[in-house]
Amino acid sequence: MQLIYEKSTPGRRGIKLPASDVPAAAALPSALLRKENAGLAEVSELDLVRHFTNLSRRNFSVDTNFYPLGSCTMKYNAKVLENAASLFAPFHPMTALLPGGVEFCQGTLGMLYDLGQLLADITGMDEVTTQPLAGAHGEMTGIMLVSAYHAAKGNKAKKKYVVVPDSSHGTNPASAAIAGYEIITVPTASYGDMDLELFKAAMTDEVAAVMMTCPNTLGLFNPHIKEISDIAHSHDALMYYDGANLNAIMGKVKPGDVGFDVIHVNLHKTFGTPHGGGGPGSGPVGVKKALIPFLPQPRIVMDADGKLLLETENKGTIGRTANFFGNFGVMAKAYAYIIMLGREGLIQVSEQAVLNANYIKEKLKAYYDLPYDMICMHECVFSASKQLEHGVHAIDIAKFLIDKGYHPPTVYFPMIVKEAIMIEPTETESKGAMDAFIEVMIEAAQTAISNPQALHDAPLTMPISRLDETKAAREQNVCCIG
Amino acid sequence: MNESHYCPHTPEEIAEMLSVIGVASVEDLFAPIPAELRAKTFNLPSGMSEFETFDRMKAIAGDNTQGVTNFIGGGFYDHIIPAVVDHLSGRAEFYTAYTPYQPECSQGTLQALFEYQTAICRLTGLDVSNASLYDGGTACAEAAMMALRVTGRNKIVVDGCVSPFSRQVLKTYLFNQDVEVIEIAPQAGLLGRAELAALLDDSVAAVLVQNPNFFGSIEDFTALADQVHAKGALLIGSVYPIALGMLKSPGETGIDIAVGDGQSLGNPLSFGGPSFGFIAAKKSYIRNMPGRIVGETVDRNGKRGYVLTLQAREQHIKRHKATSNICSNQGLCALRGLIFLSSVGKEGLADLARLNRDKAEYAKAQLSRIPGVTVLPSITFNEFTLSLPKNAAGVVVALLGSGIAAGVPLGQYYKGSENCLVVTVTEKRTKKEIDTFAKELEVALCN
Amino acid sequence: MSIYFTKEHEWVKVKDGIGAVGISEHAAHELGDITFVELPKMGAVVKQFGVLGSIESVKAASDIFAPVSGKVIKVNEALEVAPEIVNESAEDAGWMAWVEIADESELKNLMTQEQYDDYLKSL
């Protein structure tokens, strides 16, 4: 398909601007001006609409295809959430930061405050900041809070390490590195979680925090989680909860009850806000009481009369992690989702997410190697090792699924499973949709034996076949010249 | 049983699935969670229908004061949004997709991001762009960290005229990184060039400036770029994309890394987000860039296509050694930015910029006629700083009562500027609104 | 000229106190199509098993560790524009740097060709 720039005709306009009702200003000195206009597209409105409509048709999406992308919780995004978020489009964030401005923003500040309260209850935390803009941003904010906590106790120099299991998301060590920590990685034991003995050996008083995903990236709930947090606390290390997999446990277990001190929540995963082709997300961070003094500013607080105020002066704060109050539009959707589903609805979400993952796991384990064969939570991780004997890799199975109209599961993550295929159906898929998917997965396993070449050739039905990623990385054409 | 209609199973289906799994109840699936760890309370309110939910959300929105006329900017701007932006970005194939990890079934998102990167390169006059960052503030921080990697140095010099929010974000990001951040005090709303010249040596990794800056002033940083480069440092410029319809581009200025907030490109104010941050740079710095990048390549049949590229820089491969911890981008907001720019187009963006400046110059003339009001004598785009005869914060409070958000009082951000007010006038403000504002301000100053 | 290997799959060929350094054919094969080689700076002083540079393929990135301590006196600039040379000729044209060896006794910490071949079989 042509680029929009290749459809341009000089002088063509896509929109009519409002006419000016004021005199033209005197021109600026030429030293301040650009020599020529930026080479943006010049297309009619219809051409623009066709271009982007046709581009959109080159995507798989939740609304068009089953999308069991493990670790990403690609659940259905209710349409009413979009309508709800658009109600807040006209509100300028600076209004709240003007002197006396909070009076004019009680609705939006109140919603953020309430969302914080709801998330605090779901996760067992004492306070939530809604400022972080995505999961990884929340992780960074959370680990900065950990750092501030240790610094306030005079332990900044002493606390040097963050411990992560080898199955952790790459963002965990990357976020800890921005907060100034070195990383200790603990291997996974045969029971599918961080090896408890190796963990004990790694723990010293120099550890600032332990970052865990629970259930972990293998979709398993760590049976030793309380013991791990007790050991961490005995070294004055804080427990960080990566909320990527919160969808499995709502109403069942609260991270705060298990010993976690700081957590981030991915609203775009658990709370049904759309993924947007890779964002915007939202990553509120919840903390236990001891960490409240360090929360980012401005912090939304409620006075005795129920009025929302902004705290902007606090010596202990880590500062500011984003320009304003976070991705408000995303949070409006998540808030609407939570109040719409309510207590019973959210419990049912977790129950059926777990039910669906176990159902797929049971149905497919005769066809694919299941390295950790036990009850899983909201996702299950297979290995294509059986298929590899026929020269078929996880990526080949993924491409075969595309031809059959399925977005592939996550492949090659977690890295500790060779040829990993990580399936997360989510609670919103019907049994019929899953049965159809299971059939195709079985067909892929059979084709791996009968005709591996067919898998190597896939996909054949898409606008393009497999792409030369090496060429892309070597040539680095990231912008259309012209 | 069916508490949420988004969970579609019938009781019969659930029973059948449980028997396949070989457990008696759904509760049995939670057996791996030790009983003593199970939640003792879960105090959320009960759910409701989507209709009641929407009414509740309407009531919340109704608790904010409606219909305020915005003369505030401060990083977020009240601009026109063509109808096509909502409609096209609202196609579910875009907004219910995720990161384009599987390029064959994600060419829509990938090509759009490549077109977005192209738009950002052309707007900034630089060679390479990523697929977007979180927002303008975090983009400043990421650019600074990028400069630290490129130069191997550990000092960042920041113009005090850069948005105080972006400066705070940058300081928060760099706090734990053994980096010295030095701020230059503003001189009458402009970069303190003498102080900078005295500081600039070969230990400086980068200098961060903003154009137009928080006071609204426009400066030419071309000579500064040469000075900075002479010391082996990089010049980072935070820019306002609508102003680039008119102003000298970062590339023409000699800026090495350009960043900014993309909210003004087709994203609603939405109480501060989501928007997107953009970052563009000279090609030689591409490996030190944070975040996702889309690249062009060919498929097995030689057909052009797009993929996420240079992923080895990123956290999912390089973990703690990654160029950034960022994992996502603001894909949908960047898409809105691209649709906005493609709708407004090459000539349209220039016209839009002119319209902003014309309205602002008119407002400047009207407001500075008020007795006791003077205007900071710098060259400006659509924001300018007024000096009032009394405390600006009080004036803003008074005008908010009449439905006018008069501007951003500077006293909160700059000591000694308690009487200063930054006023923003976009193309959306009518002559009538500006005239009313001038009248109301005069009244407020008399009282 | 004798060749030695590290457990991290770097090699060093030693002649007249100078060590040519690269990654093994095994390592190059494991990485897949190499897209980028970050070479050390000329004159840099490296320590044995310290980071010398890094190497990237489409899906992986890894550090290159120095097999010996010493000063970098020459780098293979050809790799900057044509990293695929490492795939084509990892143990010859794909050399990355020459190091002026500070202490030849460090070579005893490395594996000979025969030992390395056995080591690969054990993986």
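Visitor: How far apart do the C-alpha centres of domain 1 and domain 3 of chain A lie?
Guide: They lie 39 Å apart. Bear in mind that this is a predicted model.

Visitor: Which residues belong to each domain of chain A?
Guide: Domain 1 takes in 1-15 + 38-58, domain 2 covers 82-339, and domain 3 runs over 346-457.

Visitor: Let's talk strands. What is the order in the open sheet of three strands in chain A?
Guide: The order is β10-β12-β11, and the pairing is antiparallel.

Visitor: Which of those strands stand at the edges?
Guide: β10 (380-383) and β11 (410-411) of chain A do; each has a single partner strand, so one side of each has no neighbour in the sheet.

Visitor: How many bridges join β10(A) and β12 of chain A?
Guide: Four bridges, with β12 made up of residues 420-423. As one of the details, A:V381 has A:M422 in β12(A) as its bridge partner.

Visitor: Which helix lies across β10 and β12 of chain A?
Guide: Helix α11 of chain A, residues 328-364, running at about 20° to β10(A).

Visitor: Changing topic: what volume does the second largest pocket have?
Guide: About 1,300 Å³. Its lining has 37 residues, and those closest to the pocket centre are B:R287, B:N288, C:F36, C:E38 and C:S54.

Visitor: Which element gives the largest share of that lining?
Guide: β6(C), with five residues. Elements giving two or more residues also include α16 (469-475) of chain A and α6 (136-151) of chain B.

Visitor: How do the lining residues divide into nonpolar, polar and charged?
Guide: There are 14 nonpolar, nine polar and 14 charged residues.

Definitions and conventions:
Residues are numbered from 1 along each chain as its sequence is written. Chains are lettered from A and ligands numbered from 1 in the order in which they are written. This is a predicted model: local features need pLDDT of at least 70, side-chain atom pairs count only at pLDDT 80 or more; totals for chains, interfaces and linings use all residues. Side-chain values use heavy atoms; hydrogens and water are left out. Two strands pair if DSSP finds at least two bridges between them. Contact means heavy atoms within 4.5 Å. Axes are lines fitted to C-alpha atoms, for helices over the stretch in contact, and angles run from 0 to 180 degrees between N-to-C directions. Domain bounds come from an automatic or database domain assignment. On a 1 Å grid over the protein atoms alone, a cavity is a set of points where a 1.4 Å probe fits but cannot get out, and a pocket is an open set with protein on both sides within 12 Å along at least five of seven lines; lining residues have an atom within 4 Å of a point. Grid points are joined across faces, edges and corners, and a volume is the space filled by probe spheres set on the points. Ala, Val, Leu, Ile, Met, Phe, Trp, Tyr, Cys and Pro count as nonpolar, Asp, Glu, Lys and Arg as charged, and the others, Gly among them, as polar.
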